[in-house]
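Thank you all for coming; I would like to take a few minutes to walk through the packing and the charged pairs of one structure. Please have a look at it first, and then we can go through it together.

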Amino acid sequence: MKRPKAMKPEANDATIKGQYPEFEGWTFTAREALRVRKDYTLKDFREVNPNTKYSWLHMNEFMPSATIRRLGDISKLQYSLKPEIGKIKVTNAIDALTLEEYIKLSELQGIIIVYKGKIVYERYPRMCAFDKHLYFSVTKTFASACIAILEDDGKINVQDTIGKYLPELNKSDWAKVKVTDILNMASGMTAQYDDPGARTDSNNLYFQFESALGIQIKTSATEYDVWSALNKMHRIKAPGISFEYGGHNTIILTLLVERITGKPFAEFVSTRIWNKIGAEADAYFGLSPQGIAVSSAAMNSTLRDLARYGLLFTPSWKKVSKEKIISDAYLKKIQKRGGNTEIYDKGGFGKRMIKELGEKPTHNSYQWDLVMDDGDFFKAGINGQGLYISRAKDLVIACFSHGDYIPGVSVAYLSRAIAKSF
């Protein structure tokens, strides 16, 4: 792996006063790429190791995938660079690191900050601007956005039980769980992300679910398909009383979108979101062995296109789209979730986010991990991926990483620290 020469953006992309963002980048030799393709196993899907430096940028070489198509003119993001952002303190230690220092010492691969519709900071220290990086759980926000779009269309009532729409789940405890509780990671079902053994014990139901989904190793306990894995799950507490993180909720939302629309999930995302944001490149979803979009963890795109998607949630949405894709009704549901604020710290994931941030979010909502009392919201992906939205400040921060963070500084904390400086 070697560092290429710095690349300048195209003239019509760029800049003011002759300034260019840094595009340091990394590339791989043919021999390195061949070695990773030969050695890759499902253990490498989320494990930080030399193989994943390559595979997270090329997941379509390692699992079946569905294209998320772009159409039309590219929405040109203007630059108004603010190099002083690199001096922002982003750690809470006595010898606090600046963002520039953090970038040098961490495994951050790319970061983009868009303020009032313009790129004010953009770095690619360990990837190239055109690379398509794995989102991990930031992917989940596309499932909830699609549900919200179908709500706006009058096609779904989230107060209905999931069994009304997906009768295949009526043989399990999923049948009587409301869609809203699945949206908000409060389904009360077993097999949660934070279960002991969820990543290591083949008898664990979450392990078996991810194995059937194609992102965990296969064992003798692996179910043939995702539906079978879901139907093995059972209720461990009443729905709606505890924020318990789990990608099985997201996959059910994806199956719901496909059932209501009659379209593959990637096609619905293409036609209702990606085609309309002036994306610079196609994106893609990884697929399960049976062809289900792995909407819980396996979307890849360029960093700038992730930022374009983020802009849909801000007052600057017109910079990328001719129509308002993310409705005011949906934004209100994210930011003001009413009486459910008391459930945030009832599960392991919420407690961990509070510890990472050093402050308590008011709630989570619609697959977004946290909403702060100032209305800012954030979605994390394992190993340091992140999408932070501040509507009040008209701000988007998006990050890709190869490894979580410098100890004590999550991408959630880093994004929050940057946002507070605006």
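This is a predicted model: local features need pLDDT of at least 70, side-chain atom pairs count only at pLDDT 80 or more; totals for chains, interfaces and linings use all residues.

Let me begin with a question: does tyrosine 135 count as buried or exposed? Tyrosine 135 has a relative accessibility of 0%, and because the cut-off for buried is under 20%, this residue counts as buried.

Tyrosine 135 has an aromatic partner, phenylalanine 142, and the two rings form a tilted pair, 6.3 Å centre to centre with 45 degrees between the planes. Phenylalanine 142 is buried as well, with a relative accessible area of 0%. In the whole structure a search finds 23 aromatic pairs, and some of these ring pairs link up into a cluster whose members include Tyr135, Phe142, Trp274, Tyr309 and Phe313.

A second aromatic pair is worth looking at, that of tyrosine 245 and phenylalanine 349, which is stacked, with 4.1 Å centre to centre and 15 degrees between the planes. Tyrosine 245 lies in the loop between helix 8 (226-231) and helix 9 (247-261), whereas phenylalanine 349 belongs to helix 13 (residues 348-357), so the pair ties together parts that are 104 residues apart in sequence. Tyrosine 245 counts as buried at 3% relative accessibility, and phenylalanine 349 counts as buried at 5%.

Let me turn to the nonpolar core. The largest one has 138 residues, and those with the most contacts inside it are Phe45, Ile111, Trp174 and Phe313. Helix 4 (residues 140-152) contributes the largest share of this core, 8 residues.

Now to the charged side chains, where the count comes to 26 salt bridges. In one of them, glutamate 61 and arginine 37 meet with 2.8 Å from N to O. Glutamate 61 sits in the loop between helix 2 (50-55) and strand 1 (65-68), and arginine 37 in helix 1 (residues 30-39), so that distant parts of the chain, 24 residues apart, are linked. Both partners are partly exposed, glutamate 61 with a relative accessible area of 36% and arginine 37 with 39%.

Arginine 199 and glutamate 210 form another salt bridge, with the closest N and O atoms 3.3 Å apart. Arginine 199 is partly exposed, at 25% relative accessible area, while glutamate 210 is buried, at 4%.

A further salt bridge joins glutamate 359 to arginine 416, and here the closest N and O atoms are 3.1 Å apart. Glutamate 359 lies in the loop between helix 13 and strand 7 (363-365), arginine 416 lies in helix 14 (residues 411-420), and the two are 57 residues apart. Arginine 416 is buried, with a relative accessible area of 6%. Finally, Glu122, Glu280, Arg304, Asp305 and Arg308 are linked in a network of salt bridges.

Definitions and conventions. Residues are numbered from 1 along each chain as its sequence is written. Side-chain values use heavy atoms; hydrogens and water are left out. A nonpolar core is a set of buried Ala, Val, Leu, Ile, Met, Phe, Trp, Tyr and Cys residues joined through side-chain atoms within 4.5 Å. Buried means under 20% relative accessible area, exposed over 50%, partly exposed in between (1.4 Å probe, protein chains only). Helices (H or I, at least four residues) and strands (E, at least two) are DSSP runs, numbered from the N terminus. Rings of Phe, Tyr and Trp (its six-membered ring) pair if their centres lie within 6.5 Å; planes under 30 degrees apart count as stacked, over 60 as edge-to-face and the rest as tilted. A salt bridge is a side-chain nitrogen of Lys or Arg within 4 Å of a carboxyl oxygen of Asp or Glu.
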